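Here is a friendly walk through one model, from its sheet to its ligand and its aromatic rings. Keep the viewer open as you read.

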Amino acid sequence: MNEYILELKKSKKLILSIDKKNKFFKFKKPYIIAGPCSIESEEMIINFSKKLKKIGVNAIRAGAYKPATFPVRKKINGWQEGLKKEGLKYLIEVKRITNLPIVSEIMDQYQYDNLAEDSIDIIQVGTRNFQNYTLLDFLGTLKKPVLLKRGTWATIDEILGAAERILAKGNNEVAICLRGVVGMPSYRHVFKSIRWAPDIMMIPALKELTNIPIIYDPSHSTGYRNFVPTISKAAISAGADGLIIEAHPNPEKSISDPDQAINILNLNEIIKFSKKYNKHF
Ligand code: PEP
Ligand code: MN
């Protein structure tokens, strides 16, 4: 172990341990965040969110700002890398109707100041911005929970360091989200949508070093809907405090990430499993 990690282990009170003021601790375990990758229309996000609430989802996820790997490829009904501010307006309606917290990504302070402050309850830092220190420092000054998605390249030190950056500025409402990492899955030529390797072992590894809640993302980490239920169960069994799952009313038709979206029946089954088995941790 390196010195910093050894120090963390030795000090009974871990540097990164956070007190019970962290709102994520108040959330019921398992904390299930679910919804479409992107907001596609007002009607879609409102109707689908009502259904998600009925099956016991704790928070709605839906992207307004979508940093696509290929930025100019897709333009559908005004959607290009998300509906942006228009999408954030719909999220305010979703919150009013469902009374559930909203999880969504922002990439800079401008987006936060332009409606995201009012429409998003849990700010998602996407994998691409995991080490955007200006953004993390800014989020550290807020009184809003942050869901910090692991960079696809990040080591355990870098995960702890990025979380510490937000905590150090005074915001202790942080959860770490594991969402798959670079690797060379040897089945990629068979299951073409697979891009990342699930990082399940990081759950017990982080649990040894910090009490920051860990949310697992079985959607991006698998990239393939048939594997989402299995990897969700594996993450809960490994001690994850919650899951963030991409679900869609018509998964194959999803504007973004269509291969990994699951339908509401599969989501319901995952929620039931998670409620039953997370009690062991
Ligand atoms: C997402 O949650 O839709 C997303 C873009 O995730 P990531 O930043 O992990 O790729
Ligand atoms: Mn997505």
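Which residue in S6 is the bridge partner of leucine 148? The partner is isoleucine 176. Please keep in mind that this is a predicted model.

**The ligand site**

Now turn to ligand 1. The residues around ligand 1 are Cys37, Arg61, Lys66, Gln124, Gly126, Thr127, Arg128, Lys149, Arg179, His220 and Glu246. For three of these side chains, here are the distances from a polar atom (N or O) to an oxygen atom of ligand 1:

| Side chain | Distance to an oxygen atom of ligand 1 |
|---|---|
| Arginine 61 | 2.8 Å |
| Arginine 128 | 3.4 Å |
| Histidine 220 | 3.2 Å |

Taken alone, ligand 1 exposes 290 Å², and the protein buries 96% of that.

**Aromatic pairs**

The structure also holds six aromatic pairs. One of them brings together tyrosine 112 and phenylalanine 138: their ring centres are 5.4 Å apart and their planes stand at 75 degrees, so the pair is edge-to-face. Tyrosine 112 sits in helix H5 (residues 109-119) and phenylalanine 138 in helix H6 (residues 133-140), so this pair, 26 residues apart, links distant parts of the chain.

Terms used:
Residues numbered from 1 in each chain as written. Chains lettered and ligands numbered in written order. Predicted model: local features only at pLDDT ≥ 70, side-chain atom pairs only at ≥ 80, totals over all residues. Heavy atoms only, no water. Pairing = 2+ DSSP bridges. Helix = DSSP H or I, 4+ residues; strand = E, 2+ residues; numbered from the N terminus. Near = heavy atom within 4 Å. Polar contact = N/O pair within 3.5 Å; in protein donor to acceptor, adjacent residues only side chain to side chain. Areas by Shrake-Rupley, 256 points an atom, 1.4 Å probe, with all protein chains shown as cover. Phe/Tyr/Trp six-rings, centres within 6.5 Å; stacked < 30°, edge-to-face > 60°.
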